[in-house]
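Please open the model in your viewer and keep the selection panel at hand. The tour below moves from one selection to the next and says what is found at each stop.

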Amino acid sequence: VQNRLAVGLHASGDREAAFERLQRASKLDPSAPAPHRNLAVIHRQRGEKEEAAREEALAAAAGAPH
């Protein structure tokens with residue numbers, strides 16, 4: 001739910017609120033790849049390359065079969 005809300009907030013232009021929701025979503029369910037992928041998008045938009053790479057790695061690990 002937090003991830004979906006974040007996507008809507010991001011689409012409406014409220015990137016900071018979207019970022020906060022995505023952080024919450026990634027903490028509530030660390031094994032869900034979508035919040036990490038979406039956090040990576042925002043980090044890239046902010047020019048935060050290292051943070052984006054970290055979130056992409058977390059998304060890849062979360063999406064891997066267990």
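Throughout this tour, a residue is called buried when its relative accessible area is under 20%, exposed when it is over 50%, and partly exposed in between, with a 1.4 Å probe and protein chains only. This is a predicted model, in which local features need pLDDT of at least 70 and side-chain atom pairs count only at pLDDT 80 or more, whereas totals for chains, interfaces and linings use all residues. Residues are numbered from 1 along each chain as its sequence is written, and side-chain values use heavy atoms, with hydrogens and water left out.

**The whole chain**

Begin with the protein chain in a cartoon view, where the secondary structure comes to four helices and zero strands, in the order α-α-α-α along the sequence. Helices here are DSSP runs of H or I with at least four residues, strands are runs of E with at least two, and both are numbered from the N terminus.

Next, display the C-alpha atoms, which fill a box of roughly 35 × 25 × 15 Å along the principal axes. The radius of gyration of the protein chain is 11 Å, which agrees with the value near 11 Å that a compact globule of 66 residues would have; this radius is taken over C-alpha atoms, and the globule rule is 2.2 Å times the number of residues to the power 0.38.

Switch to a surface: the protein chain exposes about 4300 Å², of which carbon and sulfur atoms supply 54%, the areas coming from the Shrake-Rupley method with a 1.4 Å probe. Buried residues make up 32% of the 66 residues.

If you colour by charge, you will find 10 positive and 9 negative side chains, with the centres of the two sets 4 Å apart. Lys and Arg count as positive and Asp and Glu as negative, while His and the chain ends are not counted; each charge is placed at NZ of Lys, CZ of Arg, CG of Asp or CD of Glu.

Select Asn 3, which is found in helix α1, residues 2-11. Is Asn 3 buried or exposed? With a relative accessible area of 17%, Asn 3 counts as buried. Show its surroundings within the contact limit (heavy atoms within 4.5 Å), and, leaving aside neighbours within four places in sequence, you will see Leu 22, Ala 25, Ala 34, Pro 35 and Asn 38. The side chains of Asn 3 and Asn 38 also make a polar contact at 2.8 Å, a term that requires a pair of N or O atoms within 3.5 Å, one able to donate a hydrogen and the other to accept it within protein, with residues adjacent in sequence counted only if both atoms are side-chain atoms.

Move on to Glu 55 in helix α4, residues 49-63, which is buried with a relative accessible area of 8%. Apart from neighbours within four places in sequence, Glu 55 is in contact with His 36, Leu 39, Ala 40 and His 43.

Go to Val 1, in the segment before α1, which is exposed with a relative accessible area of 84%. A C-alpha to C-alpha line from Val 1 to Ala 17, 16 residues along the chain, spans 14 Å.

Ala 11 lies in helix α1 and, at 68% relative accessibility, counts as exposed.

Arg 37 belongs to helix α3, residues 33-45, and is partly exposed at 47% relative accessible area. The C-alpha atoms of Arg 37 and Ala 52, 15 residues apart along the chain, are separated by 8.5 Å.

Finish at Glu 50 in helix α4, which is exposed with a relative accessible area of 69%. Glu 50 and Pro 30 are 20 residues apart in sequence, and their C-alpha atoms are 19 Å apart in space.
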